[in-house]
Amino acid sequence: MYALLVGLAGALAFIFGLASDWDALCFWSKPVPVLAMLYWLRGAPAGAYRRWITLGLAFSLVGDVLLAWPTDQFVFGLGAFLLAHLAYLYAYLGTCRRLSPLPLIVSIAVGGGMFGLLASRDLGPLLVPVACYSLAISTMLWRALARLGTGLDRQSVVLAAAGAILFVLSDSLIGINRFVSPFGGASYAIILTYWLGQWAIAASVMAQSETP
């Protein structure tokens, strides 16, 4: 619980930094919530699921730092978050491998639609990296949704699916704001959906009743 309070304090500090244009505060406070989640997961049931979710959070932490870096490290940040999504994907595959056509169709529509929108804006050299990223997040979303109704720990499965949806939403908002049309409040919407998504994914580990 103390870890989450520290994470909340870091999140509030970052929001304050955004509102006051305090770049240094934003840089140092942005990683705090994910660091707190990593510490929190030390008390979760041990097993492969916790291990892969922890790895995903660690890659996300690297991505947070790279995207907040004073110089433009967008491509490297994208790569770190790509690895995070792959770690989450592997965690979900470790507990369920059924096809689940409906979640597959939904995920293809979400990922394909977003990539189509971004690609229409002439991404240039970022076209291939964004395509790979879109494929990764779509697959991760599919496998998170595919676990619903499987007989696994219901609370854990629902939290993981909600976290995946919020993470994809956050990524989509980044793409829209960066490549399509910047919008007011984008920074707040992006970071809040991101943190809530990461928290839900981490909480899905804590909600497990036993080691998978």
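Modeller: Helices (H or I, at least four residues) and strands (E, at least two) are DSSP runs, numbered from the N terminus. By that convention, Ser204 is found in helix 9, which spans residues 186-206. The model is predicted, so local features need pLDDT of at least 70 and side-chain atom pairs count only at pLDDT 80 or more, while totals for chains, interfaces and linings use all residues. Residues are numbered from 1 along each chain as its sequence is written, and side-chain values use heavy atoms, with hydrogens and water left out.

Biologist: What makes a polar contact with the side chain of Ser204?

Modeller: The side chain of Tyr49 does, at 2.8 Å. The criterion is a pair of N or O atoms within 3.5 Å; within protein, one must be able to donate a hydrogen and the other to accept it, and residues adjacent in sequence count only if both atoms are side-chain atoms. If contact is taken as heavy atoms within 4.5 Å, Ser204 is in contact with Tyr49, Ser156, Leu159 and Ala160, leaving aside neighbours within four places in sequence.

Biologist: Why is the pair of Arg178 and Asp72 called a salt bridge?

Modeller: The definition asks for a side-chain nitrogen of Lys or Arg within 4 Å of a carboxyl oxygen of Asp or Glu. In this pair the closest N and O atoms are 3.5 Å apart, and the count by this rule comes to 1 salt bridge. Arg178 lies in helix 8 (residues 154-180) and Asp72 in the loop between helix 4 (48-68) and helix 5 (74-93), so the pair ties together parts that are 106 residues apart in sequence. Arg178 is partly exposed at 41% relative accessible area, whereas Asp72, at 60%, is exposed.

Biologist: How many disulfides does the structure hold?

Modeller: With a disulfide defined as a pair of cysteine sulfur atoms within 2.5 Å, the structure holds 0. Cys96 counts as buried, at 8% relative accessibility, and Cys132 is partly exposed, at 40%.

Biologist: What makes the nonpolar surface patch of about 490 Å²?

Modeller: Tyr2, Leu5, Leu8 and Leu12 make this patch. Patches consist of residues with over 30% relative accessible area and no salt bridge; like charges are joined within 9 Å, and nonpolar side chains (Val, Leu, Ile, Met, Phe, Trp, Tyr) within 5 Å. Accessible areas come from the Shrake-Rupley method with a 1.4 Å probe, only the protein chains shown counting as cover for residues. Leu5, placed in helix 1, has 47% relative accessibility and so counts as partly exposed.

Biologist: Which residues of helix 3 are buried, and what covers them?

Modeller: In helix 3 (residues 32-40), the buried residues are Pro33, Val34, Ala36, Met37, Leu38 and Trp40. Their cover includes helix 1 (2-19), helix 2 (23-29), helix 4 and helix 9.

Biologist: What is noted about the phi angles of Asp21 and Asp122?

Modeller: Phi of Asp21 is near 55°, a positive value in a residue other than glycine. Asp122 also has a positive phi, near 60°. Asp21 is found in the loop between helix 1 and helix 2, and Asp122 in the loop between helix 6 and helix 7 (127-146). Asp21 counts as exposed at 67% relative accessibility, and Asp122 is likewise exposed at 67%.

Terms used:
Buried means under 20% relative accessible area, exposed over 50%, partly exposed in between (1.4 Å probe, protein chains only).
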